Amino acid sequence: MRGDDGTGESGRSGTGGPLAVLELLAADAPQSRYDVLLAGARAAGADPAALAELTRAVELARSVRASASRREQREAALTALVDTAQDLTSPYDIDGLLRLITRRARRLLGFDMAWLSLSRPDGSAYVRTSEGETTALNVGLELGTGRGLGSIAQARRSAVWTADYLADTAIPHAPGIDAVVEAEGLHAIIAVPLRRGDSTLGALYGSDRAVRQFSADEIGMLLSLADLAAVAIEKARLLEQTRDEVTELEAFGSRTNTALTRVRHLWECHARLAGLVLDGAGLATLARATADALDGVLQVRDPGGRPLTATGELPGLDEEAVTQGALQALTGRRPVRLPGDLWLAPVLAGAEDLGVLLLSASAPLADEDVRLLQLAAQSVASLMLIQRGTAAAEGPVHDEILADLLERPHSVDLHLLERTRRLGIDLDRPHVVLVARPEGGELGKAVAWASSYAYRMGGLKGVRRGCIVLVLPGTDASAAAHRASGELSPLLGHAVSTGAAGPTGSPGEVARVYAEAVRCLDALTALDGVGGTASLRELGFLGLLLSADHDVESFIAATVGPVLEYDEDRLTDLTRTLEAYFASGASPTHAAETLHVHPNTVSRRLERIAELLGADWQKPGRALEIQMALRLRKARTVLHDRRTAAGPPP
């Protein structure tokens with residue numbers, strides 16, 4: 001017994017009994033140590049009961065070790081889940097948050113690949129982000145509706161998984177999804193819904209490239225992560241929505257401030273323009289203020305399309321487009337945009353068309369700028385109405401002054417000149433006289449226009465012998481006649497015959513120049529030129545005959561002055577060549593014989609004369625005037641020489 005007992009005890013101690021198993025368990029020894037312990041007991045010839053007891057102890061130890069390992073894994077997973085929850089509370093944009101979720105899902109559960117899909121309002125879904133992929137097929141993949149594990153998981157609101165996706169016939173497959181799974185070499189796949197209240201935002205997926213089963217702990221862990229992710233996604237969406245709303249509010253505030261600033265600027269500009277009108281500023285001043293406010297070039301046109309004033313040049317205007325734009329603006333009673341960044345605004349007084357404003361701005365016009373242009377057009381209309389009223393009020397005074405100038409030219413006194421100066425008219429400056437006769441008999445409308453026109457131009461108006469008489473500042477009678485006739489004729493709707501003369505040298509010459517203008521108008525009628533314009537300069541030598549003072553010097557200078565000046569400056573014989581050319585019947589060869597020069601010399605001189613007098617100098621009308629001017633010059637020279645030879649009168 002003792003021997004047996006001693007042998008038995010020593011056998012347990014030598015082979016290592018349950019106590020040895022506990023020692024290995026306490027030391028957290030690896031699995032291989034347990035196998036070595038069992039092998040040693042078998043080698044030592046332990047009795048079957050002891051060996052069975054040792055084997056049972058090893059199995060229990062391994063079970064305890066597995067349970068401890070599972071607890072450690074669960075604790076580690078819970079710790080990682082808590083860390084993930086803390087990370088998800090940090091501010092992320094949607095894309096950054098989704099990348100964090102898929103990365104944590106893959107690392108937390110050791111997946112080979114993880115991805116996340118989001119649902120659309122129509123029920124379809126797409127892959128938004130992925131982690132661990134080896135191809136570019138997954139992100140952006142359309143999952144459709146009712147296909148794949150994600151759709152099933154969202155419908156069931158629980159986890160759905162398969163150990164081998166492609167081999168599982170119980171799952172409704174889709175070609176696109178199967179292609180990605182096959183390309184990535186995936187087998188085991190699990191999908192859990194991103195639950196938010198009674199709805200779902202999408203699904204979270206995990207997968208392995210080997211066939212495997214998913215434990216309850218793994219499924220529960222992934223569901224917990226998906227629930228945290230859904231909350232974080234919703235929070236991120238709300239945060240982005242809030243940021244967008246804040247940004248929109250800031251933009252709205254900025255737009256509101258800008259609009260208020262523009263409205264304030266609009267009000268200030270309008271007040272400035274209205275102040276100019278009330279202060280009696282002229283049309284040019286008002287146009288300049290408008291152009292400065294809109295940073296552009298402004299032109300004011302009358303109803304006939306003729307410029308009244310401009311702040312600069314508007315080159316390359318398409319007049320046809322301007323005409324069509326004016327019709328559109330007048331019809332719509334609002335500014336219109338023309339090609340080439342031009343704007344056209346109608347100038348209206350009720351239903352009356354007073355003209356248009358043409359604006360070429362240096363930058364595109366905002367809505368407030370267009371509104372300012374419209375207000376400027378109203379200011380211009382107000383100014384024109386005020387000027388018309390002022391002109392109507394001053395009309396009788398104009399008539400009286402003009403009557404005094406015409407009827408008593410030799411009795412112009414300081415009192416009369418003071419009256420004209422109070423009206424802003426300085427008769428000591430050069431003036432031209434126009435006599436306009438409406439051919440349609442509508443004198444009343446023409447008189448009203450003449451009052452406004454004279455006021456605008458800073459002159460006088462009157463009515464004599466059924467004609468409008470205008471005394472206007474300037475030196476070019478012909479240009480003034482064309483300008484006035486071009487404005488009055490469209491207004492009346494029929495022709496206007498206009499005679500013009502001047503300029504005057506003093507207030508006492510107004511009557512003489514008026515008489516010349518009347519003779520020009522009579523000559524125009526006699527020559528069957530009704531509806532046209534005529535001045536002494538335009539009538540040529542007829543103007544010389546009609547002139548009261550027969551200004552021969554001016555006629556010669558206007559006709560052949562450039563040739564005379566050329567000869568005087570360069571000591572040439574162009575004048576003699578002209579005389580010889582006409583005396584020989586316009587024959588360069590005969591003229592060369594008279595001048596004793598080569599015909600080529602005469603040809604070159606004639607070419608120079610054409611450059612000085614113009615290409616039409618040999619046409620019958622011009623040639624007649626040139627010959628008359630040459631004869632008058634020659635006769636004047638002869639008479640002067642005779643007067644000089646006779647000596648001074650006694």
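Modeller: Before we start, one term: two strands pair if DSSP finds at least two bridges between them. Also, this is a predicted model.

Biologist: Which residue is the bridge partner of Leu338 in strand 10?

Modeller: That partner is Leu342.

Biologist: What order do the strands of that sheet come in?

Modeller: The order is 8-7-11-10-9, with 5 strands making an open sheet and antiparallel pairing.

Biologist: And which strands stand at the edges?

Modeller: Those are strand 8 (307-310) and strand 9 (336-338). Each has a single partner strand, so one side of each has no neighbour in the sheet.

Biologist: By how many degrees are neighbouring strands turned against each other on average?

Modeller: The average for this sheet is 25°, with direction ignored.

Biologist: Now the helices. Which strands does helix 10 lie across?

Modeller: Helix 10, residues 319-332, lies across strand 7 (296-301), strand 9, strand 10 and strand 11 (352-361). Its angle to strand 10 is about 45°.

Biologist: Let's zoom out. How many helices and strands does the protein have?

Modeller: The protein has 22 helices and 16 strands.

Biologist: What share of the residues count as buried?

Modeller: Of the 650 residues, 40% count as buried.

Biologist: Last one: what percentage of contacts between residues at least 6 apart in sequence join residues at least 24 apart?

Modeller: For the protein, that figure is 61%.

Notes. Residues numbered from 1 in each chain as written. Predicted model: local features only at pLDDT ≥ 70, side-chain atom pairs only at ≥ 80, totals over all residues. Heavy atoms only, no water. Helix = DSSP H or I, 4+ residues; strand = E, 2+ residues; numbered from the N terminus. Axes fitted to C-alpha atoms, helices over the stretch in contact; angles between N-to-C directions. Contact = heavy atoms within 4.5 Å. Buried < 20%, exposed > 50% of the residue type's maximum accessible area, 1.4 Å probe, protein only.
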